[in-house]
Amino acid sequence: MKNRKVGKPWFFVIFVLILALAFTAFFGVENYYGDTREVYTKGAKDIRWGIDIRGGVEAVFSPDKEDADITTEDMDAAKAIIETRLVNKSITDYEVYADNANHQIIVRFPWAAEESDFDAAAAVQELGETALLTFCREDNKEDVILSGAADIKHAEPGLDEKQNYVVYLDFTEEGKSKFATATAEMVGKTVSIWMDDTMIQNPTVNEAITGGTAYITGMANAEEAKALADKINAGSLPFALTVDDSKLQVISPTLGSDALNVMVIAGSIAFGVVCLLMIFRYRLNGFVTAIALLGQLAGSIACISGYFADSNSFTLTIPGIAGIILSIGVGVDCNVIAAERIREEFKKGKTVDGAIDSGFKNSLSAVIDGNVTIVIVSLVLMGAFGTPDNILAKVMSPLMSLFGTSITGSIYSFGYTLLVGTIFNLIMGVLASKYMLKSISRLKAFRNPWFYGGKKNA
């Protein structure tokens, strides 16, 4: 069978795309209008660093109701909802403790990437909001039609037909029935929509709404729509939480303020040394590997910084950095396997095209097996140490409780960075490397087997 040829320009196309991804992922794309910063794509400076690297805030929340009315179940529910709200903001390096004896919830989490004045009060303000969404008859807040998670199944930010920002709501079966009955009786009247004690919308009912869906308008931007949807999805707290300002504390980074700069410099040197060793050992294969590793690193940074769409920055901790390093090591290993297989094919007398095709083909099963195993491990770590409402967390909670809650965010960060790094390794180390090498091998100047680990032609 004749091997499929890859066109010569593919190397340059992929190379330029990787360079573009690397530049925009590391430095971002932004513009300034006076003092206003317009961000098009986020860069490495928009990463939210963990408490261990940058520090954060500690707050003590107390319920706004009598202690006699508070149960252990209420405290556990409040703790779980606060954890979900933190993760919805991509804050995964957190510690949340429920002090049932004193009816307090202690929360620790890192500063946002753009925060420089470290306003602890503003940082914790949204976490303690009740966030109870209700639909009421006209403007009477006491005449409730639908309320909270019992009637509202899911919320999703989006755009309506006029490209206005909205939040789409899906009702539960019970909520669908209740809303259909109520709106049939209220044609020509208004339905008020409340978030806690604030009316956010007051539309007129033109006809009975029986489809089990609705949407909320009035959001100024995508961030506001997402914030409202996240609050609805996280659920309402069983009671409002107030913060004791006297107990607000600024947490210093455990590694010191200069640790991040040291890590960046050390990581850059290590990455450069690895690339040089690969080039020295595997020649043109090593050069292609260096490009693929750059693409893998850039892709990982992009997933962490919130580069794609309107996502928030993921919280990057020391274990998270370890996950990036480990995934880069796996990427090096994948390319080494392919390069060694190509060398073996030259020893069998294969041509340049035949050796490259057979080398990648023979290495594919080992590469896929190793990467799939790491993906599974990453998913288990994210499930076990992620938000308490995901399936894996519920299944593994008895085992995970033995390790305590203080490592939750750190391990989740490790699993996430390892996962995205491995996925980009499959994209860059398997696909991009293959097509770049096959493409550049079509150029006359690189038809000598020596460039790929074979013997030099006479």
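# Structural briefing: strand pairing and helix packing

Among contacts in the protein between residues at least 6 apart in sequence, 71% link residues at least 24 apart. The model is predicted. It contains 13 helices and 16 strands. Of its 458 residues, 47% count as buried. The protein exposes about 22800 Å², and carbon and sulfur atoms supply 58% of that area.

- Strand 4, covering residues 56-63, runs antiparallel to strand 6 and is joined to it by 6 bridges.
- Within this pairing, valine 57 has phenylalanine 109 of strand 6 as its bridge partner.
- Strand 5, covering residues 95-99, also pairs with strand 6 in the antiparallel sense, over 5 bridges.
- Here tyrosine 97 has isoleucine 106 of strand 6 as its bridge partner.
- Strands 5 and 6 form a hairpin with 4 residues between them. In the turn, histidine 103 has a positive phi of about 55°.

- Strands of a sheet pair through backbone hydrogen bonds, in either a parallel or an antiparallel arrangement.
- In this case 4 strands form an open sheet in the order 8-7-11-12, with antiparallel pairing.
- The edges are strand 8 (144-147) and strand 12 (198-201), each of which pairs on one side only.
- From one strand to the next, the twist averages 35°.
- Strand 7, residues 133-137, is joined to the antiparallel strand 8 by 3 bridges.
- Threonine 134 has serine 147 of strand 8 as its bridge partner.
- Helix 6, residues 173-185, lies across strand 7 and strand 8 and runs at about 155° to strand 8.

**Packing of helices 10 and 11**

- Two packed helices are described by the angle between their axes and the distance between those axes.
- Helix 10 (residues 318-347) packs against helix 11 (residues 352-384) at an angle of about 150°, and the axes are 7 Å apart.
- The crossing of helix 10 past helix 11 is right-handed.
- Residues contributed by helix 10 include Val330, Cys334, Ile337, Arg341 and Phe346, while those of helix 11 include Val352, Ile356, Phe360, Asn362, Val367 and Ile374.
- By class, this contact between helix 10 and helix 11 comprises 12 nonpolar, 5 polar and 2 charged residues.

Conventions. Residues are numbered from 1 along each chain as its sequence is written. This is a predicted model: local features need pLDDT of at least 70, side-chain atom pairs count only at pLDDT 80 or more; totals for chains, interfaces and linings use all residues. Side-chain values use heavy atoms; hydrogens and water are left out. Axes are lines fitted to C-alpha atoms, for helices over the stretch in contact, and angles run from 0 to 180 degrees between N-to-C directions. Helices (H or I, at least four residues) and strands (E, at least two) are DSSP runs, numbered from the N terminus. A crossing is left-handed if the near helix is turned anticlockwise from the far one by less than a right angle, and right-handed if clockwise. Contact means heavy atoms within 4.5 Å. Ala, Val, Leu, Ile, Met, Phe, Trp, Tyr, Cys and Pro count as nonpolar, Asp, Glu, Lys and Arg as charged, and the others, Gly among them, as polar. Buried means under 20% relative accessible area, exposed over 50%, partly exposed in between (1.4 Å probe, protein chains only). Accessible areas come from the Shrake-Rupley method with a 1.4 Å probe; for residues, only the protein chains shown count as cover. Two strands pair if DSSP finds at least two bridges between them.
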